2 protein chains.
Amino acid sequence: MTTYTRPEERLLLGPGPSNCHPRVLQAMASPTMGHLDVKFMAIMNECMDLMRLVFGSSHPVTIPVSGTGSAGMEASLVNFIEPNDRVVLGVAGLFGERMVDIAKRQGAQVIEVKAPWGQAVDMDELEAAVSEAPTKLVGLVQAETSTGVYHDLKPLAAIARRHDALSVVDAVTSLGGMPVLVDELDLDIVYSGTQKCLSCPPGLAPLTVSPRALDVLLNRKTPVSSWYLDLTMISRYFGKERFYHHTAPVNMIYALRESLMLIAEETLEATWARHAENSTALYAGLAALGLPALPRPDQRLASLCVVRVPDDVDEAQVRNRLMKNYSMEIGGGLGELKGKVWRIGLMGYNSSARNVNYCLTALGSELKAQGQKISVDAALKEAAEQFTIPV
Amino acid sequence: MTTYTRPEERLLLGPGPSNCHPRVLQAMASPTMGHLDVKFMAIMNECMDLMRLVFGSSHPVTIPVSGTGSAGMEASLVNFIEPNDRVVLGVAGLFGERMVDIAKRQGAQVIEVKAPWGQAVDMDELEAAVSEAPTKLVGLVQAETSTGVYHDLKPLAAIARRHDALSVVDAVTSLGGMPVLVDELDLDIVYSGTQKCLSCPPGLAPLTVSPRALDVLLNRKTPVSSWYLDLTMISRYFGKERFYHHTAPVNMIYALRESLMLIAEETLEATWARHAENSTALYAGLAALGLPALPRPDQRLASLCVVRVPDDVDEAQVRNRLMKNYSMEIGGGLGELKGKVWRIGLMGYNSSARNVNYCLTALGSELKAQGQKISVDAALKEAAEQFTIPV
């Protein structure tokens, strides 16, 4: 091997990872410190405080899990499930299915409440399933990355309280882009990933755990099957004790802290408004390009637009040409939506009017090359009408 | 919160993390790419090729696990252990104990072959334990970071072959600093971490798995308890199929690839020789400062020197003063060696004659401040006599 491939500058408008903020990449390249260094501990504490801000959580156990979002999902389930526990999960796409897979591996009795891909889980059905028998955990994916569908967390939290269950929420594609509101809604276990709306590279999973859930954890009858993700031990590192568990991914913590600082500087509310406006504009423009939204208007994410691909368009070819001609990545469909949808993310740093316009221009141009009778100008005009924040 | 803590420039001469090479930090700050981008796949393939080089392994399944070294340990055990499997583990310190903990959580019948902390496991005892009953896995820690003790892997590999077991090896503190020789010794499952002799930040765990071990994995009767670390699925992402499992920690892969390139440029043999020489020099200098080695000469690591602290020295105070006066981190003892030893790492980029001299000068000065009757000049002279490679 004599030549090496150079990382390319891409515009990452897929389902994640999204582009990192330059300040985040710069912070990540700061000198590595020891994971037990008091100054690094101060940095970790600041990172935890900022996570609480973005989660809207006051939970003392609010930590970065040392793995990607899926490690956050696994940590959120394996710590609280014991064999034969009843777990009710709303499933509206691939990431809901992943929760089911993980819960089953722990020996849980899993009840799935399914929605067709592209629609949200019916909360009455979810409550009916929970009410049938004593339930340990009830969970769903707030932002289903495989379909672009959004779930309101308020009814989930209420179901958990009414039936004395713990709520568990996947906020991988929402945290930093849409409200999560852990305290306000009284959510128990919520996890996310760094590579979506936080403008940070993949590699960490922010996680917040309520005192109620922590109590359940500390009263387990069986050990947690995972040593690496065992929160009974990990929380001792993040607590006053600073007990060594595993080496924290120091430079990724620098990156996460910087990414959360960026949100704190912009303010959460402004960040959410920016995501909402840009996704509304993109959906409007995409519709004008002949690409109808998959989710209905009240079930759409502000971070990820999912649209149906016309039958006479070679969707893989369009994505390949976007990459070749514009170094622009958009996502294709997963599972049963493979070949049928595009998933276009406007996440974190990438959620900008500029990127809405780049995307519509490039995608429109490629659709015209595919013989679609559309107008890029009309699409840009539709999008422009949605912008209220000065560009 | 209005002020933020700045990462400090430290000289990390503890048990890890060690300082990163500047080229590694720079590579890590390259633009994030999609984890399914063909160009990123090329980078990943190069990273895997370089891992094979450093492991001395031709195993197709040679991958970076998306977590720290402990995630590599967990992946190396949970994928191959099913409930009631017999597992024999050599235990000579904290990381051997950690292997036991993880194996037990998988329901294994674990037989521990113990050595006193500071000594290596007796290989005849290990073989006797394996020979008592059919054994699935036999493992140990090549480089025991808690004691500085080195285990020769040749007898381990031979025991595994003679008794039809799989060998599993922790090479976290050795890979890149000492020979691991996976193919030559015919080892099955070997994992490491990025933050020791690879001059890379913590966050990934290089792992290599023999076809023999892969066959055992693919013929499991029960599912792997961990979804996140399930190699039956992960290997499909690293194979030709490129099946999406979880988002790879893209920027950490850039860092790992760069760190492995540095070793390839220097050559493995030169890297090993450098580690051997600098640790020999440091041990000689430390002895002259009145700090005797914990392990005997033939059981010492080339990456980490562990020495006894004199009874009349306040070891925590010395470490605190090294940090305060020199921004230099060295490690204290863990477990039963707490307060009794110092662990001084010369790993990767940090293994240099310069750092040997820095360490002896600073530590000698602080020992004199503690009233020790020693000569820094004599220690530097002892160390200098070991250097054959021009400084």
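How many salt bridges does the rule find across the interface of chain B and chain A?

The rule finds six salt bridges across the interface of chain B and chain A. A salt bridge here is a side-chain nitrogen of Lys or Arg within 4 Å of a carboxyl oxygen of Asp or Glu. In one salt bridge, the side chains of Arg10(B) and Asp37(A) meet at 2.7 Å, N to O.

This is a predicted model: local features need pLDDT of at least 70, side-chain atom pairs count only at pLDDT 80 or more, and totals for chains, interfaces and linings use all residues. Residues are numbered from 1 along each chain as its sequence is written, chains are lettered from A and ligands numbered from 1 in the order in which they are written, and side-chain values use heavy atoms, with hydrogens and water left out.

## Extent of the interface

Chain B gives 68 residues to the contact, and chain A gives 68 residues. Contact means heavy atoms within 4.5 Å.

Chain B and chain A bury about 5,500 Å² between them, with 62% of it on carbon and sulfur atoms. Buried area is the accessible area (1.4 Å probe) that two parts lose on being put together, summed over both. Thr5(B), Arg105(B) and Trp227(B) supply 13% of the area that chain B buries against chain A, more than any other three residues.

The same surface serves both copies: 100% of the contact residues of chain B recur in chain A.
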